[in-house]
Amino acid sequence: MNEVLLRGAPSARGEGARRTGAFAAAGRAAPLSALCAADTKAELSALPARLLALREGAKQGRDPTAADETLAVLLHIGKTLPARRVLEIGTGEGYTAAALALACPRAEIVTVEADAVRCAAARRLFAALGVAGRVTSLFADAAAALGAQQGAFDLIFLDGPKAQYVHWLPRLKALLSVGGVLAADDVLLYGWADGSAPVPYKRRSIAARLGEYLAAVQGDAELETLLLRCGEGLAITRKLCAAPA
Ligand SMILES: C[S@@+](CC[C@H](N)C(=O)[O-])C[C@H]1O[C@@H](n2cnc3c(N)ncnc32)[C@H](O)[C@@H]1O
């Protein structure tokens, strides 16, 4: 199981929601740590060899695909909830979206990418793996795409521009179903965001914005957050209750 670095305490209101059955499916009532208890080897070995080989190549890129442990947590959460609607911000070349589509065969995936070349590569991958019918691949800036989305998502993977995480949080929270999970990648960035490593001068702004994101999710009584040591830090945030009317 992945090491838990920080835990944002669930609120009394959230516990009440769980007790009264506001979380419809059993997966949503599981403790957040159980939802994150993925077996990386088992999760990845269920994926096609071709996708695993492509992921290995992508790990060396400038905007690498999610770490193995991160992908395993996402797949485990997607299957356990189970997620029927998934949103990914930052498609890259489509490896994580494709893996989620394969692992969650009843899920519809919406994934957003601002780079035309990567978006085209992702669409080719979705077609080649036979999941294009369940994956809506948007070539768009995430800010615009977030504004245009309707309805609730059970799982959101936030893997786009790190400095925007905190600005997009209110919209992402509104798009989450109750009991749904927002997974934000790279939230520690080499230890810069939580002060455990000195921040290079040019990275001070992004480190500060990520620190604000972590403070925001951990300080929100309607959210419950675990920070996992996966890749460069994975913040797993569950929405405990609907916003007051
Ligand atoms: C780390 S990569 C995504 C990797 C992918 N999620 C995966 O696990 O395979 C981040 C991606 O976010 C995209 N991106 C950056 N800014 C964006 C924005 N404003 N809107 C949409 N995508 C953006 C980049 O082009 C890049 O492909």
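How many bridges join strand S2 to S3, and do the two strands run parallel or antiparallel? There are 5 bridges between S2 (residues 85–89) and S3, and the strands run parallel. Welcome to this structure, which is a predicted model.

**Strands and the helices between them**
- A right-handed β-α-β unit is made by S3, helix H8 (residues 116–128) and S4.

**Helix H6**
- H6 covers residues 68–80, which is 13 residues.
- From its first C-alpha to its last, H6 reaches 18 Å, close to the 18 Å expected at 1.5 Å a residue.
- Because 10 of its 13 residues are buried, H6 is largely enclosed by the rest of the structure.
- Among the buried residues of H6 are Glu69, Leu71, Val73, His76 and Gly78.

**Around the ligand**
- The ligand has 18 residues around it, and those that come nearest are Thr65, Gly90, Gly92, Thr96 and Ala142.
- By type, the residues of this shell divide into 6 nonpolar, 5 polar and 7 charged.
- Helix H7 (95–103) and strand S3 (108–113) each supply at least two residues of the shell.

How values were computed
Residues are numbered from 1 along each chain as its sequence is written. This is a predicted model: local features need pLDDT of at least 70, side-chain atom pairs count only at pLDDT 80 or more; totals for chains, interfaces and linings use all residues. Helices (H or I, at least four residues) and strands (E, at least two) are DSSP runs, numbered from the N terminus. The expected span of a helix is 1.5 Å times one less than its number of residues. A residue is buried if 20 or more other C-beta atoms lie within 10 Å of its own, exposed if 12 or fewer, and partly exposed in between; C-beta atoms are placed from the backbone. A residue is near a molecule or strand if its C-beta atom, placed from the backbone, lies within 6 Å of it. Ala, Val, Leu, Ile, Met, Phe, Trp, Tyr, Cys and Pro count as nonpolar, Asp, Glu, Lys and Arg as charged, and the others, Gly among them, as polar. Two strands pair if DSSP finds at least two bridges between them. A crossover is right-handed if, with the strands pointing away from the viewer, the path from the first strand over the helix to the second runs clockwise.
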